[in-house]
Amino acid sequence: MSSTIKAAAANPTARSGAKPGGTSAGAWLLATPLAIVLGIFLVIPILMLVVVSFLDYNSVQIIWSFVVQNYIDAVSSAATWQTFAVTLKYAVITWAITLFLGFWLSYFLAFEVRGAAWQMGLFLVCSIPFLTSNIIRTISWIPALGRNGIVNSVLLHFHLIHQPLTFLLYSQFAIILAFVHLNTLFMVTPIFNSMMRIDRTLIEAARDNGAGFWQTILNVILPLSKTGIGIGTIFVITLVMGDFVSVSIMGGGQSASVGIMIQNEMSQLQYPAAAANAVILLAIVLIMVFLILRVVDIRKEL
Amino acid sequence: MTTTAAGRAIVTTVLDVELISVTKRYGNTTAVSDINLRIPRGTYCCLLGPSGCGKTSTLRMIAGHEDISDGDIIIAGQNVGNLPPVKRGTAMMFQNYALFPHLNCVDNVAFGLKMRGVAKDARRAEARKLLAMVEMEKYAARLPAQLSGGQQQRVALARALITRPKVLLLDEPLSALDPFLRGTMREELKRLQRELGISFIHVTHSQEEALALADLVVVMDHGIIVQSGPPQEIFNRPATAFVARFMGGHNVIRADGGAFAVRADRCRIASPSPSDGHAGSIGGAVSSIEYLGTVVKVGIATAATGEVVALVPDDQFFAAPLALGETASLTWAATDAHPVTL
């Protein structure tokens with residue numbers, strides 16, 4: 001924090017973060033509506049979640065007494081660790097693929113497509129799938145990937161395979177595919193935004209200094225897209241870590257994720273156990289976000 | 001026979017840059033039309049002209065940032081065709097400096113060496129030397145955003161020079177600076193060019209800049225070279241009415257069958273009856289009087305050519321002051337009038 005302030009002070013063109021003397025009654029009044037909204041819809045629910053996670057329960061009711069048993073149960077169970085590990089694996093693989101796709105799609109849109117109209121047009125095309133809901137977009141993979149689905153039919157028709165491929169659906173492959181499909185745009189948007197801010201003459205300057213294509217990508221475009229990559233990473237990681245719908249649809253009920261585990265506990269009325277796992281998940285995701293923010297300064301993008 | 005002799009004489013002149021029938025077309029519009037230019041070794045050359053005259057396109061073609069539609073560019077005896085910039089031995093300093101915002105000054109300057117695979121310590125040491133040359137070594141660890149415009153420009157200059165170019169290309173290098181800095185940087189550019197002994201090609205729309213810096217001024221308009229030569233020649237003997245007007249300080253006076261240019265500071269104001277010692281005069285009513293310190297700028301509205309201007313030394317003017325609307329004549333010596341094409 002202090003280093004950012006120092007940098008801003010030394011930097012004549014940087015926007016000043018805070019204006020001096022902003023603690024008047026008017027400022028508090030202006031902040032009140034948002035504070036109320038966030039308080040009711042964010043702070044209070046999270047506090048309730050934390051409180052419930054420390055309550056005892058039996059098979060029919062929550063018992064009002066303070067216990068840490070829910071956390072002990074969670075961390076002492078191998079199944080919980082496995083579930084967190086597999087969820088993390090989904091997040092990392094999805095992140096890697098969406099980052100690759102997002103970077104190159106953005107690169108294409110920002111640097112190869114000529115004219116702002118085409119750029120914005122193609123960018124909007126990318127967002128068309130988002131006109132339908134997440135669940136519908138996930139379910140729509142089933143007719144494509146199923147045993148008698150389009151992919152298998154086409155491959156069989158051209159004699160490229162002799163047996164239908166069974167890993168296409170209800171598998172980790174299917175889960176990752178759905179995650180990539182659902183989340184790539186969350187990577188494209190911030191990276192595209194970062195890239196559009198890169199001064200085109202920097203690319204020429206790199207070329208003038210003898211940089212080839214890959215050297216320009218590595219030494220100029222990648223470092224200057226870092227903020228967008230950071231924001232996209234936060235989106236993708238938090239969305240995948242918290243998901244339960246895509247995993248249950250695409251995994252066919254045979255795959256686990258932290259979201260599904262929490263959902264199962266809730267369906268068995270084990271609310272305190274679910275709350276404890278939710279708090280652990282929240283803490284893990286917050287730590288990941290914190291680490292990402294250590295690497296990139298997203299305020300550059302604001 | 002004389003042409004052969006002349007031809008041989010030209011070939012032996014060492015050229016840094018030669019443009020042969022260079023043309024640039026964008027779709028149906030021609031930005032640069034069939035231009036020829038020879039820049040001898042170690043020349044400070046200014047490409048001068050109004051915006052849209054083709055000077056920047058010409059520079060960018062020399063730099064290799066723009067394809068040539070037609071013609072050849074020869075740099076230090078090598079036809080550069082479509083070679084990338086770094087293989088041409090040119091380096092460009094961009095109008096907005098184009099410093100990499102994520103790299104500090106040393107790494108910005110060292111960028112060209114990094115691309116050539118020079119090890120980190122070696123390239124940083126070299127970059128520090130160049131920063132010292134432009135008096136920026138104190139700021140080595142700063143990011144570009146922490147520097148003023150003038151400082152950024154010095155870093156950009158160091159970055160362009162680190163690859164030891166044979167020709168340095170400067171795209172409107174002084175236009176973004178305030179007038180005071182512009183003066184200092186102008187002197188510095190000239191000093192650097194003399195010390196390095198390489199050619200500088202400097203694009204500008206300021207005739208003052210071109211006169212102050214250039215060994216060779218190339219005036220462009222509508223994609224062609226209107227006139228090129230040493231600055232005194234361009235200023236004293238403009239070839240066309242456009243050059244005379246663009247260089248400023250000239251009256252372009254229409255006469256039967258043509259026009260001629262006279263420097264405003266060589267013109268005098270005379271009483272209504274033209275004095276016999278002068279070769280030329282034109283009469284009208286005094287339409288403007290501007291006191292500029294050492295001189296007074298007197299405008300006279302004439303029927304034939306519109307307003308003409310005389311720059312009269314202040315003591316002369318105030319010895320016999322004129323009033324607006326008074327009838328007066330502008331006079332000049334025959335030797336000061338140079339015919340120009342319209």
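How many helices and strands make up the secondary structure of chain B? Select chain B: there are 11 helices and 18 strands, where helices (H or I, at least four residues) and strands (E, at least two) are DSSP runs numbered from the N terminus.

This is a predicted model, in which local features need pLDDT of at least 70, side-chain atom pairs count only at pLDDT 80 or more, and totals for chains, interfaces and linings use all residues. Residues are numbered from 1 along each chain as its sequence is written, while chains are lettered from A and ligands numbered from 1 in the order in which they are written.

Keep chain B in view. Its C-alpha trace spans about 80 × 55 × 40 Å along the principal axes. Of its 342 residues, 42% count as buried (20 or more other C-beta atoms, placed from the backbone, within 10 Å of the residue's own).

Next, select residues 105-115 of chain B, which form helix 4. Here 11 of 11 residues are buried, among them C105(B), F111(B) and M115(B). They pack against helix 5 (120-133) and helix 6 (149-161) of chain B, and also against helix 11 of chain A. Just after helix 4, pick G117(B), whose phi is positive, about 80°.

Now show both chains. In contact (C-beta atoms, placed from the backbone, within 7 Å) are 18 residues of chain A and 19 residues of chain B. On the chain A side, select helix 10 (200-208) and helix 11 (213-224), the elements that give two or more residues. Helix 10 of chain A supplies the largest share, 6 residues.

Definitions and conventions: Two residues are in contact if their C-beta atoms, placed from the backbone, lie within 7 Å. A residue is buried if 20 or more other C-beta atoms lie within 10 Å of its own, exposed if 12 or fewer, and partly exposed in between; C-beta atoms are placed from the backbone.
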